[in-house]
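Subject: Structure for you to look at

Dear colleague,

I am handing over the structure below, together with some notes on what was found in it. Please read the notes with the structure open beside them.

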Amino acid sequence: MAETPVHRLIIVGAGPAGLTAGMYAARANLEPVIIEGKNPGGQLMGTTAVENWPGEKSIQGPELMAKMRAHTQAFGCTFQSGSIDRVDFSKKPFTLWTHKNKELKAQSVIIATGATPKKLSIPGEAAYWGKGVTTCAVCDGALYKDKPVVIIGGGDTAMEDASFMTNFTDQITIVQIKESLTASQAMQKRVLNNPKITILYSTAISGIEGDEKQVTNIVVTNLQTKEQTSIPANAVFVAIGLSPNTDFLKGQLELTDFGYIVEKGHTKTSVPGVFVAGDVSDPVYRQAITSAGTGCAAALEAERYLKE
């Protein structure tokens, strides 16, 4: 039986973080292998117009990711489809197994598996995803100038989204399932006395409706009276949290209580030789450009590690 070849660098994930890491690593002749994962391209594949990527006034999310992939591939990066199900980082070379139980070995690894937005799982959500339903107000908010918008959630992210949207519209409704907001007091102060923002407490979103091209309204249910109401909305920002894609790393890397990879400074993890980039370690910024930046940093750190 042939011995498993040992790659210099394996990058797990093919979103902005993983592709940028691959670009830098390939240019440094590290011959990186990118494992594309279950959702190649990451969260931008479900985004329509991206208007905050430097050099592109407006570009469709899937088009931007296709360009990044082609750019990375042009430098000699190798791609493998599939996802990683388990790893052994306890000894070197590191070992990774795909969901089909294929064994891979590497001298260094960059984890760029991203995070998955928690969804509402209600009628209309899937049909209007990217047509008004989104998880990123900072990415898409400017598209809804002077339009009615709804933010779902009561935590810090929801408050940030509502506050950010006041730059574009005075028709903002927060729908919170609980009787009060769960955000920090500082974040609550931003929205509680803002005349542009209405908050519906003890209310659940029951459905999202539209004209097939765009969201037009949502249906909400008051959890105390059980009364249903239709609210005009052209955008629904789902701000109920993200789940970092780290289940396969439990017991292998140090994770936070919320499952994010703990950084030990400059994209290093708790295991020397294993680096991290993108949303999988970032619960704060969660932007494509910051993910790309950490992808660059992780590749540079991996190059230094391999030289040493």
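Predicted model: local features only at pLDDT ≥ 70, side-chain atom pairs only at ≥ 80, totals over all residues.

Helices and strands are here DSSP runs, of at least four residues (H or I) for a helix and at least two (E) for a strand, and they are numbered from the N terminus.

The backbone first. Arg286 has a positive phi, near 55°, although this residue is something other than glycine, and with a relative accessible area of 22% Arg286 is partly exposed. Asn29, which is not a glycine either, has a positive phi of about 60°; Asn29 is found in the loop between α1 (16-27) and β2 (33-35), and at 59% relative accessibility Asn29 counts as exposed. In the loop between β6 (84-88) and β7 (94-98) lies Pro93, which is joined to Lys92 by a cis peptide bond with an omega of about -5°.

Next, the helices. Which residues of helix α5 (residues 185-192) are buried? They are Met187, Gln188 and Val191, and because they cover an arc of only 100° around the axis, they lie on the same side of α5. An α-helix has 3.6 residues a turn, so residues three or four places apart point the same way. The other side of α5 holds Gln185, Ala186 and Lys189, which are exposed, whereas the buried residues of α5 pack against α4, β12 (172-175) and β13 (197-200).

Helix α4 (residues 156-165) includes Phe164, which is partly exposed, with a relative accessible area of 24%. Leaving aside residues up to four places away in sequence, Phe164 touches Ala137, Val138 and Gly141. From Phe164 to Gly132 the separation is 32 residues in sequence and 17 Å in space, C-alpha to C-alpha.

Finally, a sheet. Three strands, in the order β14-β15-β16, form an open sheet with antiparallel pairing. The edges are taken by β14 (203-210) and β16 (228-232), each of which has a single partner strand, so one side of each is left without a neighbour in the sheet. Neighbouring strands of this sheet are turned against each other by 25° on average, direction ignored. Between β14 and the antiparallel strand β15 (residues 215-222) there are seven bridges, and Ile205 has Val220 as its bridge partner in β15.

Methods
Residues numbered from 1 in each chain as written. Heavy atoms only, no water. Buried < 20%, exposed > 50% of the residue type's maximum accessible area, 1.4 Å probe, protein only. Contact = heavy atoms within 4.5 Å. Arc of directions from axis to C-beta. Pairing = 2+ DSSP bridges. Axes fitted to C-alpha atoms, helices over the stretch in contact; angles between N-to-C directions.
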